[in-house]
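User: I'd like to learn how to read a structure like this one. Please take me through it feature by feature.

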Amino acid sequence: MAEPGRPVRSQGIAETWPVGRTAPAGGFVPAGFGIWPSIVETLRAWLSAEAGAGRLLPWVPVAFGCGIALYFAADHEPVLWVVAATAVALTLGAVLLWRSRLFAPAIMIAAVAAGFAMATWKTARIAHTVLAKPLYSVSLSGFVETRDIRERTDRFVLRVTSMEAQRSDVKLERVRLSVRKGTAPEVGSFVQLKARLMPPLSPVRPGSYDFSRDMFFQGIGASGFVMGAIAASVPSDAAGLRLRYAAFMQGLRDAIDTRIRATLDGDNRAIATALLTGRRDAITTPVNDAMFISGLGHVLSISGYHMAVVAGVVFFAVRALLALIPGLAVGFAIKKWSAAAALVAAAFYLLLSGAEVATQRSFFMTAVVLIAVIVDRRAITFRTLAVAALIVLAVAPESLVHPSFQMSFAATLGLVALVQVGMPNLFASPDHSATARIAMWGGREIAMLFLASLIAGFATTPYAAFHFHRVTPFGVLANLAAMPVVSALVMPAGLLGLLAAPFGLDGPFWWLMGIGIDWMIAVTRWVAALPGAVGRIGAFGIAPLIAASLGIILMGLLRTPLRWSGALVLLASIAWGLSVRQPDILIAGDGQSIAVRGRDGHLHLIRANKDGFLLKEWLAADADSRDGGNASLSDAVSCDESGCVTPLADGRLVALALRIDALADDCSRAALVVTARPAPPDCAAMVVDRQRLATQGALALTQRDDGFAVRAVRARGTSRPWLPTAAGEGDFDGSLAPKTAAPRSKDATPSEADLQAED
C-alpha cells in the first residue's frame, strides 16, 4: 500500500543493501522491513483513536477503583493527612497540565490517589471498636435498628447505649444478634437483654471473602445471640429521627409482607417479598441453591435490573397516560415528566428495599440515566456508566470488593458495549423481506435478549467463579426462559399490587405475581437438575481475577481492534486461574477443624465441632461436590477422646490434639501437630498452636520438600481496623520446616572391659 513517505524509506533500504545482495521479490528482508512500519503506523492510529476526545472519562473510575483496591491491599492503615495531601497535590498538578500532552496520565494518577484517599477517609470517618475476644455474658441496652426475618432464626441489629461485661471494659456501638424465630423485637424499640458476643467472622481460609470487613463498614463491632428473654423498656433518650424513619420503613415492609401473605405462601411469598422489599432470607435453601445454580440468583438481590424495571414501567406508564391528553402531548415535554416520575419511583423503591450498598449502586445508575433523559442527553453511554461508577465508589468505596458491585458493573459494561457497538453493527443491514418478516415476529428482540444474557453471563463469570467457586453453564437458557416472564408479569404485577394495596384491591395482582414466580421456580429447578448444571471451580486467588477484570475492561471500553487484546488477557487469566494448585492442608482459625488432602486427592476432614458453614466453604473452594453428610469425608481419619490423626498423600501423619496429655504422643509420631493449646517447646513435630492461630488466623499449607509453605488470613505485619492483630502476637514466617534433631552428647564413660585391659 502506497503511503506518503514510504518511497523514501524504500530508497533507504535499497541504498543500505548492495544490489548484489538484495533478496528476491517476496523474500524475508524486504517483506520484514515493509511490514513493521505498517504495523507501527496502524497501532499508532488505533492508539490515537482510543485517546481521542471523549475517550478519557470512562477510564477515570477505573483509575479511581485501582486506588481503592490499593487501599484494601495495604498491610496497615495509611496516615489520612498524608494520603489526602498527596491526592490534592496530584489533582492540582493534573489541572495545571490541562493543555499538556501529560494531562491524560496525570489525571489517571490523580484519580488513583483520590480513590486511595477516599477509602482511607471513609474508614477513618466510621471508625469504631471491633470485638477481639468472645464475651460469654454481656448485658446490653439499646435501640433496634434493623430486623431480618430468616428461615430458621431471626436477626436484628442493636445500637448499643449501655454495655456491661465481666472482666472487659470494651464498648461497642452496634451488635448483630440472632434470636429464636418470631421473637425479634420491633424496629425502633428500646430493649434490654443478655447476649453472648463473638468477634466478626473472619475469612474461613486465606483468600476467602472477609465478612468482618462488611460488618465493619456497616458499623457492627460484634455478632452473637440473645440469652434469655428480651425486655422492652422506656429509653432515657429519644430515639432520633433516623431511627423513627427506620421504624416507619420497617412497618411499611411488614405491611406489604402481610398483604402478600394473604394471597401467597411458602417460597412464592418469600420471593415476592424479596423482589419488593429486599428481605430474601425466608427463601428455603433448596430453592435458593437452585436459583444460583441455574444462574437466576441475581433476581433475588435487588440490583440494576430491578431498578430498571421499576423505572421503565413507571416511565412508559406515565408517558402513555400523558399522551392520551392531546394538549399535553403536543405542547409539553411529557418525556421529561415521565423521567422525573420514574426517578421518584426509583427513589421510593430504594428506600423501601432498605437502601443497601448494592441497591444504592443500582439507584445511582438508574438516576444518572433518567437525569440524562431530562437534560436531553443520550441515556445509555459509557459516560453514564462512568459517572454512576464514580458516584457509587465515592459514596461507598468498600463496595469495590463486594461481589455485587463487581458483577453488576461488569455486566453493565458488557451491555453498554452491546448497545453502543454491537447493536448498530448487528442491525445496520437493509431490511430485506425475510429480515423484516422475522423482525415482525420478534426476531430482533429474541436475538437481543439472547445476546444480552450471553454477554452479561460471560462478564460476570470470573467473579462468580472467584467468590462462589462455580459457574452456570446453562445460565443463558434459564434467563431466556424466565426473565421475560419476570419482566413482563412478575415485576409489573408487584408494582401494581403496591399501588392497589391502600385501596384493598391488591389481591389479584399478588395472585398474578405468584403465577410468574411459579414459572420462575419451575425453570430454575429444571435447569438446576440438568446434567452438568453445576460448574465447580477451585479457588484461584486475587491475581487471576485482576487479570480477568483488566481483560473485560479492555474489551468493553476500547473501540478499535485493540479491544481484542482484552480477550488475550482474559484467556491468559483463565489459564492462570485453572492452573493454581490447591493447598494440601486447611486449618480453621480456632484450631478445631483440619482438612487434609489424602492419597485419593480429596480432602479428609478432622473436626471437633459442627461448623457447617466452614465445611461448605472449604469444599466449594476445592471444587468438591460432596456435602457435610458424605461419609467419605472421614475416610482414613482415626479419632479418640484425645484427638485425631490422618495421613497425607506421602503417608506422613497430621494430628489434631484436643487434650494436653495427647501432645507428647502426637509430637513423637506425627509430622504436623495442630492444637488450640500452647504446644510444648520440645515438640519434635512441626506445630501450629494457639499462639500462631491467634496471630495469623486460618491457614492454608502446601507441601514444599519436607515442610510446608504457609498462607495465612493475617499475613505477617498485617493489621486492619476490621481484622486487627491479636494482642501478644508472635513472629511467624510463611513456612513450616521439620525440626532438626539436636546432636546428642556422647557418653564419655569407658566400659569395664576396656578399663581392665588398660590395667
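User: Is Trp36 buried or exposed?

Analyst: Start with the ground rules. This is a predicted model, where local features need pLDDT of at least 70, side-chain atom pairs count only at pLDDT 80 or more, and totals for chains, interfaces and linings use all residues. Residues are numbered from 1 along each chain as its sequence is written, and side-chain values use heavy atoms, with hydrogens and water left out. Now the term: buried means under 20% relative accessible area, exposed means over 50%, and partly exposed is in between (1.4 Å probe, protein chains only). Trp36 counts as exposed because its relative accessibility is 58%. Trp36 sits in helix α2, residues 28-50.

User: Which residues form a nonpolar surface patch with Trp36?

Analyst: First, what a patch is. Patches take residues with over 30% relative accessible area and no salt bridge; like charges are joined within 9 Å, nonpolar side chains (Val, Leu, Ile, Met, Phe, Trp, Tyr) within 5 Å. A salt bridge is a side-chain nitrogen of Lys or Arg within 4 Å of a carboxyl oxygen of Asp or Glu. Areas come from the Shrake-Rupley method with a 1.4 Å probe; for residues, only the protein chains shown count as cover. Here Ile35, Trp36, Ile39 and Leu43 make a nonpolar patch of about 400 Å².

User: How many helices and strands are there, and what share of the residues is buried?

Analyst: Helices (H or I, at least four residues) and strands (E, at least two) are DSSP runs, numbered from the N terminus. The protein has 25 helices and 18 strands. Of its 759 residues, 44% are buried. The accessible surface comes to about 39,200 Å², and 63% of that belongs to carbon and sulfur atoms.

User: How many salt bridges does the whole structure hold?

Analyst: The search finds 18. Take Glu77 and Arg720, whose closest N and O atoms are 3.0 Å apart. Glu77 lies in the loop between α3 (60-73) and α4 (80-96), and Arg720 in the loop between β17 (707-712) and β18 (735-736), so the pair ties together parts 643 residues apart in sequence. Glu77 is partly exposed at 26% relative accessibility, while Arg720 is buried at 4%.

User: Where do Asp254 and Arg147 lie?

Analyst: These two side chains meet in a salt bridge, 2.6 Å from N to O. Asp254 is in helix α7 (residues 241-261) and Arg147 in strand β1, so the bridge ties together parts 107 residues apart in sequence. Asp254 is buried at 18% relative accessibility. Arg147 is buried too, at 8%.

User: Which residue does Asp506 pair with?

Analyst: Asp506 forms a salt bridge with Arg259, with the closest N and O atoms 2.9 Å apart. This pair links distant parts of the chain: Asp506 is in the loop between α18 (475-500) and α19 (507-528), Arg259 in helix α7, 247 residues apart. Asp506 is buried, with a relative accessible area of 0%. Arg259 is partly exposed at 35%. Salt bridges can also join into a network, as with Glu145, Arg159 and Arg174.

User: Which residues does Ile126 touch, leaving out those up to four places away in sequence?

Analyst: Contact means heavy atoms within 4.5 Å. Ile126 touches Phe216 and Phe217. The C-alpha atoms of Ile126 and Phe216 are separated by 8.4 Å, though the residues are 90 apart along the chain. Ile126 lies in the loop between α5 (103-125) and β1 (135-149), and it is buried at 18% relative accessible area. Across the protein, among contacts between residues at least 6 apart in sequence, 66% join residues at least 24 apart.

User: What is the phi of Arg167, and what is that of His469?

Analyst: Arg167 has a phi near 55°, positive in a residue other than glycine. His469 has a positive phi of about 60° and is not a glycine either. Arg167 is found in the loop between β2 (153-165) and β3 (174-180). His469 is in the loop between α17 (443-468) and β6 (470-471). Arg167 is exposed at 83% relative accessible area, whereas His469 is buried at 4%.
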